Structure formats: C-alpha cells, structure tokens
Amino acid sequence: MLNKTVIKIKSDLYLKHASIFSNPSQTAKAVILYFHGGGLIFGQRDDLPDFHLQELCNAGYMIVTFDYPLAPTSKIAQIIDDVKDSIQLYAEQPLIFSHAVLPYFLWGRSAGAYLCLLAASHSYAKPPLGVISYYGYGFLADHWFNQPSPFYCRLPRISEECIISKSEKATPIGLLETCYSLYICARQQGKWIDQLFNEREKYFYRDFSLRFAQDFSLTQPIFLAHSINDPDVPYQEFLALSTLLKNSERYIVSDETHDFDRFTDTVSTKELLSRTIEFLNRSL
C-alpha cells in the first residue's frame with residue numbers, strides 16, 4: 001500500500017501543488033521528481049499509472065509529481081522557469097518532501113521529458129543523478145512540430161476557434177475533454193509553437209530547442225525510451241535526441257502508440273519499468 005501526500009508550494013503565478021508517493025515499508029534510497037506530459041497544453045501532475053507508482057516505490061524510490069503552468073495562458077519561458085524552480089526547491093530543501101536528504105533523478109513523459117532535459121542543464125544547489133525521458137523530444141528534427149501533423153490530420157477537423165485561449169489565468173490542470181482539443185487543433189494546423197511562444201520562431205529555436213539552447217549540456221546518465229512507430233513524436237526526433245545525448249541508454253519498442261506505457265499489462269511496459277529501475281540503481 002502506497003502513501004500519498006499532497007503539499008502546497010509557494011508560487012506567485014498560480015495555486016501550485018506537488019504529490020509525494022512512497023512505500024512506507026521501504027527505506028527510500030532516492031527521490032524521482034516527475035513532470036507530466038500533454039504537449040505543454042493539457043494534462044496534470046497525477047497522471048502516472050498505478051503500476052508505475054507501485055513498481056518504482058516498491059523498488060525503494062519516492063516519487064514527487066509537480067504541477068507546472070500550461071500553455072497557451074503561460075508561455076514556454078514561464079513553464080520552464082517554473083520547472084526549474086521546482087527542481088531547485090528540492091535541491092535546496094529536500095526535507096520538505098522527504099524525512100531524509102536523498103539524491104534525486106528527473107523523470108518526464110513526452111512534454112515533461114522535454115522539460116526535464118532542458119531544465120537538467122541548469123545549475124542547482126545539488127544536481128540530479130540522471131534523467132529519464134519517456135518518448136520525449138527536443139525540437140530537433142525538421143518539420144514534425146511546426147507543420148500539420150499527418151497523424152492528427154486524420155482525426156476529425158477541429159475549428160480554429162479552439163486555439164483561442166478563453167482564460168487569462170495560469171493553470172496547471174488541462175482537462176483532457178477540453179484542452180486536448182486545443183492541442184489537436186494546433187497540431188492539425190501546424191501552429192503548436194504559436195501556443196507556446198509569441199516571438200519570432202528563430203528565437204524559439206535559439207532558446208528552447210535542445211540543439212541551440214544556451215548552455216545546454218548534460219553530463220548525467222540519461223535513459224531514453226521511444227517507439228519506432230510513435231504517431232505523435234516521430235522516431236526521427238528520437239534518433240536526433242539520441243545523437244545529441246551521447247551518454248544515453250536507449251529502450252526502443254515497436255508499439256503504435258505515443259504513450260505506449262499507459263497499457264500496463266503489455267510486455268513493453270513491464271520491461272520498460274524493469275529497465276528503468278535497473279538504470280536508476282546503476283546511477284545511484
């Protein structure tokens with residue numbers, strides 16, 4: 001049986017929380033700071049399947065899942081700064097989250113993985129031991145993110161009215177039944193970056209592509225997982241990311257789903273969690 005505790009975190013931008021998961025029968029050896037996926041537009045911090053929580057906590061890891069503000073109300077600079085603040089908070093004040101001072105890893109799925117990879121190169125009071133990326137990206141390969149997506153264009157067409165934000169207040173929760181339509185519409189029209197960034201596109205690449213972001217350099221071990229048949233983030237993006245992150249360990253599957261690990265009874269997901277735990281244990 002896992003314990004879950006929700007704590008409030010100070011933020012001037014929005015009402016911010018983190019969830020802490022642990023197995024009280026295990027002595028924790030490290031903490032995993034987790035950031036959810038959702039294209040930076042939808043999703044929420046507690047999206048991890050129970051299987052993942054059980055496997056990792058039973059292996060002796062605590063998991064802290066953080067809020068972060070979502071686009072289009074919040075732009076990419078605000079989002080990444082908020083993620084860095086969350087990491088810095090743990091690095092400087094770990095006893096807020098744990099009864100002991102423990103080393104930590106960063107883990108993200110999809111957009112959360114991108115945020116973790118970009119944030120990991122920042123200077124912290126105590127750096128992470130490693131980074132785990134499940135089907136993440138770095139805005140590296142050409143065109144897939146700034147032109148209409150063949151996969152999303154096969155879905156029913158969504159009106160451009162959907163890409164107009166009707167809220168002016170920052171929020172960390174993007175409900176699937178409302179905000180996912182915004183993401184689909186943006187991908188159908190090749191206007192995803194427009195939801196994240198208001199300036200000229202070349203400055204987006206300069207500051208927020210992993211290839212060009214200033215001071216982007218990772219020395220920690222990195223675990224990259226991706227599917228060859230990913231319909232959302234193409235395999236070419238994974239190959240570009242793997243080439244950039246030369247010190248990475250890779251886990252590749254052939255599933256035809258972007259977030260393939262949401263199907264927790266598959267061989268792919270069970271092996272993925274096993275390989276993730278092996279990576280964590282080696283990196284301690």
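This is a predicted model: local features need pLDDT of at least 70, side-chain atom pairs count only at pLDDT 80 or more; totals for chains, interfaces and linings use all residues.
Local features need pLDDT of at least 70 and side-chain atom pairs count only at pLDDT 80 or more, while totals for chains, interfaces and linings use all residues. Residues are numbered from 1 along each chain as its sequence is written, and side-chain values use heavy atoms, without hydrogens or water.

Strand β3 spans residues 30–35. Strands (E, at least two residues) and helices (H or I, at least four) are DSSP runs, numbered from the N terminus. In β3, 6 of 6 residues are buried, meaning under 20% relative accessible area with a 1.4 Å probe, protein chains only. Ala30, Ile32 and Tyr34 point one way. Val31, Leu33 and Phe35 point the other way. In a regular strand, side chains alternate between the two faces of the sheet.

β3 runs parallel to β4 (residues 61–66), joined by 5 bridges. Strands pair if DSSP finds at least two bridges between them. Here Ala30 stands opposite Tyr61. β3 also runs parallel to β5 (residues 104–109), again through 5 bridges. Tyr34 faces Trp107 in that pairing.

The largest nonpolar core holds 66 residues. Such a core is a set of buried Ala, Val, Leu, Ile, Met, Phe, Trp, Tyr and Cys residues joined through side-chain atoms within 4.5 Å. Leu33 and Tyr114 touch the most other members. Apart from this core lies another, of 26 residues, including Trp107 and Tyr251.

Helix α8 covers residues 235–244. Its buried residues are Tyr235, Glu237, Phe238, Ala240, Leu241 and Ser242. Their cover includes α3 (111–120), β7 (222–227) and β8 (248–253).

Note on methods: Buried means under 20% relative accessible area, exposed over 50%, partly exposed in between (1.4 Å probe, protein chains only). Contact means heavy atoms within 4.5 Å.
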